[in-house]
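Welcome to my notebook. I went through this structure one topic at a time, and these are my entries.

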Amino acid sequence: MNSNNLPGQPHLAYRGNELFSEDIRLSDLAKQYGTPLFVYSKGSMLAALAAYQRGFAGRNIQICYAMKANPTLGVIQVFVQAGCGFDIVSGGDMDRVLAAGGAADKIIFSGVGKTRTEMRRALDAGIGCFNVESEAELEVLNEVALSMGLRAPVSLRVNPNIDPKTHPYISTGLKDSKFGVAHERALQTYQRAAKLAGVRVIGIDCHIGSQITQEEPYLEAVDRMLDLVEAIEAAGIAIHHIDFGGGLGINYNGETPPSADRLWEKLLHKLDSRQFGQRQLMIEPGRSLVGNAGVCLTEVLYLKPGAQKSFCIIDAAMNDLPRPAMYQAFHQIVPLVPRNTSPENWEVVGPVCESGDWIGHDRVLAVQPGDLLAVLSAGAYCMSMASNYNSRGRAAEILVEGNQSHLIHQRETISDQMRGETLLSSMAPETKS
Ligand code: LLP
């Protein structure tokens, strides 16, 4: 019997006294593959995608998974098979989509600093759209496309100047942000684009931020975008698709973001009331598709009780789970096999040599060295932002599907880390004459 007692984690449940992801006992995976270990539930990803698909039923929609959230090939494959397109931000992202069997024409390319090489390669591959983020980029893309005898399909990312009411590092649609073309310059930039022989205007896009838990910023963004589309089309420039970006938040610690289907029911109502409901629409969700599909399994190495603070030192660290250190983010931490002993308060920290290497402050846990814990909501922006700091190899990743588990990414070894490095020749032993 499943007793799902972990809110926001549809695929995770204690059965008896053991935590399962779908039908797999997580402690078995930790024993087989070691820790730290990322485990993702395919069913949870598809359920999250299904909420968007329900919301858009009967509409002309392309859902482009924002793969920066989790770009592992096995994860991309799940979304390829489900018919998604992809929002990429680098040539490397594009290579991953193509390697996982994704179609180039369903790729949209975002990012403020695309290089000429990346543009050339993306044009060569035949990607669906460049989401252009500045006037300077537009001119360069035009030049690159002309040099190849091509016209680049473009959408301008417009910065609608809306506060998404989230962490400042992940707010992207405010006036002072580096992203997008300012709302008030959008029309003239479209007029310039329409004159360039190397670009073909096909759309408009925006992305106001990430981990958004309220619907109002979206409603406001929709209105601002539609006002612009009306103005651009009145100037004789056709806008084929409208892309509203990603950003929908997830439940990390009791947040209650609108569900994707309910949010889109409201937004589509607004689009319908302004006669835009039958346009080609696009969205770029990342976190809301994978964030709560993943956990990071970790082992308790040492307990260090103290007068002021007591530390629970685990084998996962800020290099595996950078969000707490970077954004003061909260991730739930739960035992794989709960103990009956009375819990205490712990600072849950990693082995990295920085005081900023904390995973959870003041957590109430009954733990002993050797216990296994799960850090929840670790499917998005964890492995994708992981580093080799302190020469730590990046963790392995597993995809769970019912009672099957697939190793989709091997643990990184020290030779993987040192590959490409060379010793200085001056350090080679000298030969004496
Ligand atoms: N589209 C664009 C243009 C974006 O910049 C982003 C995220 C997305 C879509 C997807 O947003 P999502 O649906 O995942 O919120 N590392 C941070 C999040 C950075 C988000 C960057 N852009 C974190 O861990 O919270």
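Is Lys270 buried, partly exposed or exposed? I looked it up, and Lys270 counts as partly exposed, at 22% relative accessibility. For these words, buried means under 20% relative accessible area, exposed over 50%, and partly exposed in between (1.4 Å probe, protein chains only).

A note on what I am reading: this is a predicted model, where local features need pLDDT of at least 70, side-chain atom pairs count only at pLDDT 80 or more, and totals for chains, interfaces and linings use all residues. Residues are numbered from 1 along each chain as its sequence is written, and side-chain values use heavy atoms, with hydrogens and water left out.

**Entry: salt bridges**

I stayed with Lys270 and found its partner: Asp223 forms a salt bridge with Lys270, with the closest N and O atoms 2.6 Å apart. Asp223 sits in helix α8 (residues 216-234) and Lys270 in helix α9 (residues 260-273), so the pair links distant parts of the chain, 47 residues apart. Helices here are DSSP runs (H or I, at least four residues), as are strands (E, at least two), and both are numbered from the N terminus. A salt bridge is a side-chain nitrogen of Lys or Arg within 4 Å of a carboxyl oxygen of Asp or Glu. Asp223 is partly exposed too, with a relative accessible area of 24%.

Which residues join Asp223 and Lys270 in a network of salt bridges? I noted Asp227, Glu230 and Arg274.

Next I looked at Glu135, which forms a salt bridge with Arg185; the closest N and O atoms are 2.7 Å apart. Glu135 lies in helix α6 (residues 135-147), while Arg185 is in the loop between β10 (181-182) and α7 (186-195), so the pair ties together parts that are 50 residues apart in sequence. Both ends are partly exposed: Glu135 at 30% relative accessibility and Arg185 at 35%.

I also picked out Arg15 with Asp23, a salt bridge whose closest N and O atoms are 2.6 Å apart. Arg15 is partly exposed with a relative accessible area of 23%, and Asp23 is partly exposed at 41% relative accessibility.

How many salt bridges does a search of the whole structure find? I wrote down 21.

**Entry: helix α2 and its partners**

I then turned to helix α2 (residues 42-55), which packs against helix α3 (residues 73-81) at an angle of about 45°, with the axes 11 Å apart. Axes are lines fitted to C-alpha atoms, for helices over the stretch in contact, and angles run from 0 to 180 degrees between N-to-C directions. That makes α2 oblique to α3. Under 35 degrees counts as roughly parallel, over 145 as roughly antiparallel, 65 to 115 as roughly perpendicular, and the rest as oblique. The crossing of these two helices, α2 and α3, is right-handed, a word that applies if the near helix is turned clockwise from the far one by less than a right angle, with anticlockwise being left-handed.

Which residues meet there? From α2 I listed Lys42, Met45, Leu46 and Leu49, and from α3 Val75, Val78, Phe79 and Gln81. Contact means heavy atoms within 4.5 Å.

With α9, α2 packs at an angle of about 25°, and the axes are 7 Å apart. These two, α2 and α9, are therefore roughly parallel to each other. Ala51, Tyr52, Arg54 and Gly55 of α2 make the contact with Ala260, Asp261, Trp264 and Leu268 of α9. I noted that α2 passes α9 in a right-handed crossing.

**Entry: loops**

Where is Asn292 found? Asn292 is in the loop between α10 (287-290) and β14 (294-304), and Asn292 is buried, with a relative accessible area of 11%. Leaving aside neighbours within four places in sequence, Asn292 is in contact with Gly8, Gln9, His11, Ser44, Ile250, Asn251 and Ser377.

Ser377 is not a glycine, yet has a positive phi of about 55°. Ser377 is buried, with a relative accessible area of 0%. Ser391 also lies in the loop between β19 and β20, and has a positive phi near 55°, but Ser391 counts as exposed at 54% relative accessibility.

The peptide bond from Thr35 to Pro36 is cis, with omega near -5°.
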